[in-house]
Amino acid sequence: MRFIDEAVVTVKAGDGGNGIASFRREKYVPRGGPDGGDGGKGGDIYVIAEDNTNTLVDYRYTRRHDAMRAENGHSRNCSGKGSDDLFLPVPIGTTVVDTETDEVLGDLVELDQTLLIAKGGDGGLGNTHFKSSTNQAPRKATSGFEGELKVLKFELKVVADVGLIGLPNAGKSTFIRQVSAARPKVADYPFTTLVPNLGVVDIGRHRSFVMADIPGLIEGASEGAGLGIRFLKHVARTRRLLHVVDVKPIDGSDPVANARVILNELERFSPELSNLPQILILNKIDQVPDEELDELCTHIVAELEWTGDVFRTSTLMGEGTDAVKYHLMNEIELERERELEDPIFAEAQKARFERLEVEVRLNTEAQREAYRAARKAAREGLDLSDDDTDFDDDDEDGVEVVYVP
């Protein structure tokens with residue numbers, strides 16, 4: 001299954017049925033009067049969050065969804081039958097945006113959460129409604145109202161508590177394989193991970209959190225280099241960022257410089273995102289002799305002026321990963337408890353994530369527009385040798401995101 005995290009769809013709610021003008025005609029009942037019924041109500045359209053779908057790929061191929069029109073009214077004051085509502089299943093973590101107004105209609109982050117996205121038209125009135133003492137035989141009836149027509153964008157952001165960030169081949173995929181049942185591809189070359197991967201980290205009875213492995217960033221990603229920010233938006237919902245740094249890169253590069261690349265790209269893409277709590281993971285310590293390890297790790301932390309939590313791991317050997325996951329679980333539980341007990345803190349958290357959503361959406365759209373402009377210029381034969389944009393709206397390669405227990 002291809003991984004699709006955005007789709008534009010057109011939805012048309014059902015039109016209301018027409019009211020009718022009719023008169024009661026029965027034997028021995030002269031001048032029975034008006035008995036025209038009302039038209040039925042057109043079907044509404046909802047989106048519903050489900051856990052058995054993990055991608056928006058269906059909406060790339062079926063872009064129009066219409067609810068049924070309601071029945072017209074009947075004689076004997078019988079209303080027409082209303083049409084059934086239409087429910088469109090989407091993955092948990094889907095945001096619905098009106099493309100005309102850029103208004104966020106809703107954010108579906110819970111199982112079975114529903115959102116009304118297009119309202120069906122009301123039915124027309126039958127002539128019964130228009131009778132009066134001065135108009136005892138009205139021949140007037142009204143037509144049903146049209147259902148709403150909207151062009152909407154579905155945006156999927158994975159729902160994860162922890163996001164893994166770092167340069168390609170830093171060991172993020174190996175880390176998530178160690179702490180969960182997720183099995184992303186692992187190999188000894190960069191850009192092994194091309195789509196986000198999710199894994200449920202199980203700590204014990206009723207204790208777990210979701211971790212997301214985001215495809216590797218590189219220098220210039222905020223401007224479209226490499227995979228660009230195509231998947232960076234998926235860390236917008238996380239509570240913590242795990243910054244994985246290879247302490248002994250195979251290419252001989254400086255781990256401090258590599259870490260700064262990620263920090264700079266986060267800052268350029270979204271200052272709000274860069275302010276999320278981060279934990280530094282000094283990975284691949286098995287590649288460094290024991291007598292050099294302390295000095296190297298101390299040097300990296302000092303050069304980065306890192307004041308947050310730091311852990312040393314060897315994800316390949318499984319060393320140090322348990323300490324990280326228990327620390328994360330404790331931090332997440334404390335934050336959740338504080339949100340329940342402190343309304344002011346909960347409101348501040350909500351406001352922060354709302355600002356983050358806005359920043360991510362605006363920056364992603366800006367890069368997309370730059371990509372389209374670059375493609376247009378290329379078609380017109382302009383020189384784009386300095387353009388390194390690689391944001392492809394139709395880049396659908398990969399696999400779907402799957403929650404693994």
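This is a predicted model: local features need pLDDT of at least 70, side-chain atom pairs count only at pLDDT 80 or more; totals for chains, interfaces and linings use all residues.
Residues are numbered from 1 along each chain as its sequence is written, and side-chain values use heavy atoms, with hydrogens and water left out.

Let me start with the salt bridges, where the criterion is a side-chain nitrogen of Lys or Arg within 4 Å of a carboxyl oxygen of Asp or Glu. Searching the whole structure gives 14 of them.

One of these joins Arg 336 to Asp 161, with 3.3 Å between the closest N and O atoms. Because Arg 336 sits in helix α6 and Asp 161 in the loop between β8 (149-156) and β9 (162-165), this pair ties together parts that are 175 residues apart in sequence; helices (H or I, at least four residues) and strands (E, at least two) are DSSP runs, numbered from the N terminus. Arg 336 is partly exposed at 30% relative accessible area, whereas Asp 161 is buried at 13%, where buried means under 20%, exposed over 50% and partly exposed in between, with a 1.4 Å probe and protein chains only.

A second example is Lys 284 with Asp 246, whose closest N and O atoms are 3.4 Å apart. Here Lys 284 belongs to the loop between β13 (278-283) and α5 (290-304) and Asp 246 to strand β12 (residues 240-246), so the two parts tied together are 38 residues apart in sequence. Lys 284 is partly exposed, at 22%, and Asp 246 is buried, at 11%.

Which residues does Asp 322 pair with, and at what separation? Asp 322 bridges to Lys 325, the closest N and O atoms being 3.6 Å apart, and both residues lie in helix α6, three residues apart, about one turn of the helix. Salt bridges that share partners also join Asp 161, Arg 239, Arg 240, Glu 331, Glu 335, Arg 336 and Glu 339 into one network.

Turning to the last item, Thr 95 is found in strand β5 (residues 94-98) and is buried, with a relative accessible area of 1%. Its side chain makes a polar contact, at 2.8 Å, with the side chain of Asp 107; such a contact is a pair of N or O atoms within 3.5 Å, and within protein one must be able to donate a hydrogen and the other to accept it, with residues adjacent in sequence counting only if both atoms are side-chain atoms.
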